[in-house]
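Colleague: I am new to this structure and would like to go through some of its helices and charged pairs. Could you put it up first?

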Amino acid sequence: MERAYNYNLPEDSVWDIIVIGGGATGLGTALDATTRGLKTLLVEQSDFAKGTSSRSTKLVHGGVRYLAQGDISLVKHALKERGLLQKNANHLVNKEQFIIPCYDWFSILKYLTGLTLYDWLAGKFSFGKSRYFSKKETIQMMPGIKSKGLKGSISYYDGKFDDARLAINIAQTAVEHGAQLCNYTKVISLLKNSKDEVTGVEVLNTISGVKAKAYAKVVINATGVFVDDILQMNNPQSRKLVRPSQGVHIVLKHQFLNSNAALMIPKTSDGRVLFAVPWHQHLLVGTTDTPLDEHSVEPRALKEEVDFILATASAYFVSKPEKKDILSVFSGLRPLAAPTHAGGNSTKEISRDHKLMVSAKGLITITGGKWTTYRRMAEETVDLAVKHAHLSAGACTTMNLSIHGCSNVGGNHPLDSYGTDRQKIEELTIKEPSLSEKLHPDFEYTAAQVIWAARFEMAKTVEDVLSRRLRILFIDATAAKAMAPRVAALLAKEFNLDHQWEDNQINIFNTLADGYTYNKEINTPEPALVK
């Protein structure tokens, strides 16, 4: 099989569209643009989905909370996109049953009524009907739930997915349709003409240190919480568009709920919704909602956020999780559209919908939104780019476009999340039997998956593999550290690099992984950038 993604950005290249940002929105925009026949380049300063797009609650959903807030339009659009995602990436997006435990009869009536409306809004994209379950039935479905005072539960259906894996598959799809994607390629300045119009970008390859310039008819700023950094390159006095909100998740052993269904806690002490979702044979619990004034590539959980999740879970779990039970803790920053008025510190006041604007002649900015609606956001962004730059482009086709790996074959095999690529990975182990060895005795990940990530998924570092291709850092940080030396050795051999590179990669990854392990000093400094 021919190696994919061996890209070096040439000097003074010319494009129809340059997309800055390799998260869900940027990748979706690149895919939409290239499938319309536009010459498309995407650059990402680190790895694809390094930021918010790998740190979600793993839900493909309409947003039950937004329904309660009366945002019917947002929910209806998201439910449609949920259905399209399940159709177009069915190897990664699955239907999931959610259980809302109810400890009073009014809650049963309230949630059943609201979720019936939720089902109705989904229309033909419905994942299943909501219904009431008795106390006995609820405990049978979710043995780990607190039974004292339980009146019953309301069950509804939504979607669950692997966010970073989907991002990588979207990237692969974009490349297959002609786009050029470059990770570890940081924009260091915007290029302008004599009329102060944006005409391109100057970039730095953060691994090789090589700079290059690329020109385009329109540049798309899709950098999530970093949109203001790009806008200030254009105008240092520009008003901030984004107010980051930090969401923290912890990962526990699956036995804490011992259920195939997910738990939804509809109202916590801070007014948020909290989920406990079965994910990769573990239990993911979150998220928090903490307003921040600053952003970073590698945000760290605050002690009070982790304590809040533990306390909330303990109020609903029979077996109360403690700090020692946390296998991994990770943080993500939501790029919420900032309020225009002064004051107000709660992110509940900030729009969850996306914002699209022409920031300058030749520069379009897209921010806000959510993973579920990435495709629709991308469509609207490219529509505006085509109109703004007078581009010759076809109609949007992504509504019915299969994402790389999409397969009708389902199951519980460790490689099923690769979809149609599963067979090709298995072929690697036939050609080279040593690649079938497991990276860790407690997990099914193999050496073949590391080689596949390096050759065909644009992984360049140990972190790329263990964080976003295999997800183990987000599942069990200690196990991830144990895998790092073997992964580093495999990558060094594949890339023809020396032992010094291996040692450096292991040290960088261990420093990173320490930030995913809960301890008293949870706010550790950010690790150095990969070199």
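Modeller: A term first: a residue is buried under 20% relative accessible area, exposed over 50%, and partly exposed in between. The model is predicted.

Colleague: Is E426 buried, partly exposed or exposed?

Modeller: The relative accessibility of E426 is 27%. Buried requires under 20% and exposed over 50%, so E426 is partly exposed.

Colleague: Which residue forms a salt bridge with E426, and how far apart are the two in helix α10?

Modeller: The partner is R422, with the closest N and O atoms 3.0 Å apart. R422 is partly exposed too, at 24%. Both residues lie in helix α10, and because they are 4 residues apart, the separation is about one helical turn.

Colleague: At roughly what angle do the axes of α10 and α11 cross?

Modeller: Helix α10 covers residues 422-431 and helix α11 covers residues 447-456. On the α10 side the contact is made by K424, I425, L428 and T429, and on the α11 side by A448, Q449, W452 and R455. The crossing is right-handed. The axes come within 9 Å, and the crossing angle is roughly 115°.

Colleague: How many salt bridges does a search of the whole structure find?

Modeller: One of them joins D307 and K303 at 2.8 Å, N to O. Several residues, including D47, K50 and R55, are linked in a network of salt bridges. The search of the whole structure gives 33.

Methods
Residues numbered from 1 in each chain as written. Predicted model: local features only at pLDDT ≥ 70, side-chain atom pairs only at ≥ 80, totals over all residues. Heavy atoms only, no water. Axes fitted to C-alpha atoms, helices over the stretch in contact; angles between N-to-C directions. Left-handed = near helix turned anticlockwise from the far one by under 90°. Contact = heavy atoms within 4.5 Å. Salt bridge = Lys/Arg side-chain N within 4 Å of Asp/Glu carboxyl O. Buried < 20%, exposed > 50% of the residue type's maximum accessible area, 1.4 Å probe, protein only.
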